[in-house]
Amino acid sequence: MRADVLRVIAFAGHIDRAPSLDVLIDGLRDHLQPFGVTSLSVNLISAPGRQITPRSLVDVNWKAWSDQYGRRGHVRDDPAVRMLRAQTRPFAWSDAVAVFG
């Protein structure tokens, strides 16, 4: 496996130990930029069977889009959100679209 991918996996294993939100954001940015990620969002999505009331914890470079996404209720139709509510394993966007698109 590529070294940069292994680095991201190792970082993900320690996300819950980040001492602050700023450290988490900086770590995410540093680890994901090599893959072309220029914007990111960290959100809470309710558990299966509960009302969908997403909350944005972090928006880097796309706050206006995130606000509009939530206000318009797109979370109910988003294949990635639906996949998150259906399983806890990592998945590709294309997998979510194939199942819920």
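How much accessible surface does the protein chain have, and what share of it belongs to carbon and sulfur atoms? The total is about 7300 Å², with 56% on carbon and sulfur atoms; areas come from the Shrake-Rupley method with a 1.4 Å probe.

This is a predicted model: local features need pLDDT of at least 70, side-chain atom pairs count only at pLDDT 80 or more, and totals for chains, interfaces and linings use all residues. Residues are numbered from 1 along each chain as its sequence is written, and side-chain values use heavy atoms, leaving out hydrogens and water.

**View 1. Helices and strands of the protein chain.** The protein chain holds five helices and two strands. Their order along the sequence is α-α-β-β-α-α-α. Both are DSSP runs (helices: H or I, at least four residues; strands: E, at least two), numbered from the N terminus.

**View 2. Burial and contacts.** Of 101 residues, 22% are buried (under 20% relative accessible area, 1.4 Å probe, protein chains only). Take the contacts between residues at least 6 apart in sequence: 25% of them join residues at least 24 apart. A contact means heavy atoms within 4.5 Å.

**View 3. Packing of α1 and α2.** Helix α1 spans residues 3-12 and helix α2 residues 21-32. Their axes lie 10 Å apart, at an angle of about 160°. Axes are lines fitted to C-alpha atoms over the stretch in contact, and angles run from 0 to 180 degrees between N-to-C directions. The two helices are therefore roughly antiparallel (over 145 degrees).

**View 4. Residues between α1 and α2.** From α1, R7, V8 and F11 make the contact. From α2 come L24, G27, L28, D30, H31 and L32.

How values were computed: Buried < 20%, exposed > 50% of the residue type's maximum accessible area, 1.4 Å probe, protein only. Parallel < 35°, antiparallel > 145°, perpendicular 65-115°, else oblique.
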